[in-house]
Amino acid sequence: MTESYAGYEALLGELRPVAFGIAYRMLGSVTEAEDVVQEALLRVHRSLESGEQIASPRAFTATVTTRLAMDELRSARVRRERYVGEWLPEPVITDGRDDPAEQAVTADSLSLALLVVLESLSPEQRAVLLLHDVFGYGYGEITDIVGKTEANVRQLAVRARRHVEERRPRFTTTTEQRDELAQRFFAAARTGDLAGLESLLAHDVVLVGDGGGKAPSLARSQQGRSRVARTLTNWLRALGRLSDIEIRPTEVNGDPGALFLVGGRLYAVWALEVVDGQVAGVRAVVNPDKLAHLGPVGDANALIRQLGGARPGD
């Protein structure tokens, strides 16, 4: 019995990343994904313990996780309709991946830009697109997971793919170019070099902030090279008055980004969307609820008071 239990635990440990990969891409929330993963693995464990014959634990886990995530997404959408301000996914840090192929998969399927686009799909469309295009499941396998005929699954995939391609830019910048651009971006922003920053931005660059009504953020997204550059430099100039500010470059959801810490506490996570050698999007997550999984989070409202009331977008 002990050996069997230990075997189950080892197997569940191997299946956890699989389940989380699906759940997070389905939901765009670390918290919600972890809840789904916990329930999915519990069901897998119960099935194994009851002696059920499972030909492929990985496929079984994918099925359970996807179905739970679809149910969770339906209820989450009601909450997101009431969300204060712009909604962005909870960021995950993806540094430390040495395999170039794995990096490409991460950047392609985890970016905040893509996850925002996926929000406009139905739960079924989102599941089919991710399972087929990201995780490599055949249409025949997906029919059992989502409870649709193969013809319906193919139709869902075509519609979802068309919708995403219409709204998703084509990335033609290499990883090296992307990282070098990010270094220049944060250097210009840190020093208040408005002209230098503008030169790195696409003419239609978009700046989005997510405070969720719990931290100071932009009331609405901003667009345009000059406007976005001014907003970023003004805000970072104010933050620069703090002696213990740290802007720590990192990879966020497969894209270049940075953690903003003051006194060792996290206040914001930025992710850059780089297209054709320019920064096409800046997404700033400051909602403390969406940062808690990354470590100790600071009080952004107290920080704003310390800075004399300077707020993002001022």
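**Close-up 1. Helices α3 and α7 cross in a right-handed sense.** A crossing counts as right-handed if the near helix is turned clockwise from the far one by less than a right angle, and as left-handed if anticlockwise. The model is predicted, so local features need pLDDT of at least 70 and side-chain atom pairs count only at pLDDT 80 or more, while totals for chains, interfaces and linings use all residues. Residues are numbered from 1 along each chain as its sequence is written, and side-chain values use heavy atoms, with hydrogens and water left out. The axes of α3 (residues 57-81) and α7 come within 9 Å and cross at roughly 55°, axes being lines fitted to C-alpha atoms, for helices over the stretch in contact, with angles from 0 to 180 degrees between N-to-C directions. Helices (H or I, at least four residues) and strands (E, at least two) are DSSP runs, numbered from the N terminus. T63, T66, R67 and M70 of α3 make the contact with D144, I145 and V146 of α7, where contact means heavy atoms within 4.5 Å.

**Close-up 2. Helix α6 meets α7 in a right-handed crossing.** The axes of α6 and α7 (residues 139-146) come within 10 Å and cross at roughly 145°. From α6, A127, V128, L131 and H132 meet Y139, I142, I145 and V146 in α7.

**Close-up 3. Helices α6 and α8 cross at roughly 90°.** The axes of α6 (residues 123-134) and α8 (residues 150-167) come within 8 Å. On the α6 side, E124, Q125, V128, L129, H132 and D133 take part, meeting V153, L156, A157, R159, A160, R161 and V164 in α8.

**Close-up 4. An open sheet of 6 strands has the order β2-β1-β6-β5-β4-β3, with mixed pairing.** Two strands pair if DSSP finds at least two bridges between them. Strands β2 (222-223) and β3 (245-252) stand at the edges with a single partner strand each, so one side of each is left without a neighbour in the sheet. Strand β1 (residues 201-210) runs antiparallel to β2 and is joined to β2 by 2 bridges; V206 has Q223 in β2 as its bridge partner.

**Close-up 5. Helix α9 (residues 175-191) lies across β1, β3, β4, β5 and β6.** The direction of α9 runs at about 130° to β5 (265-275). Helix α11 (residues 225-239) also packs on the sheet, touching β1, β2, β3, β4, β5 and β6, and its direction makes about 50° with that of β1.
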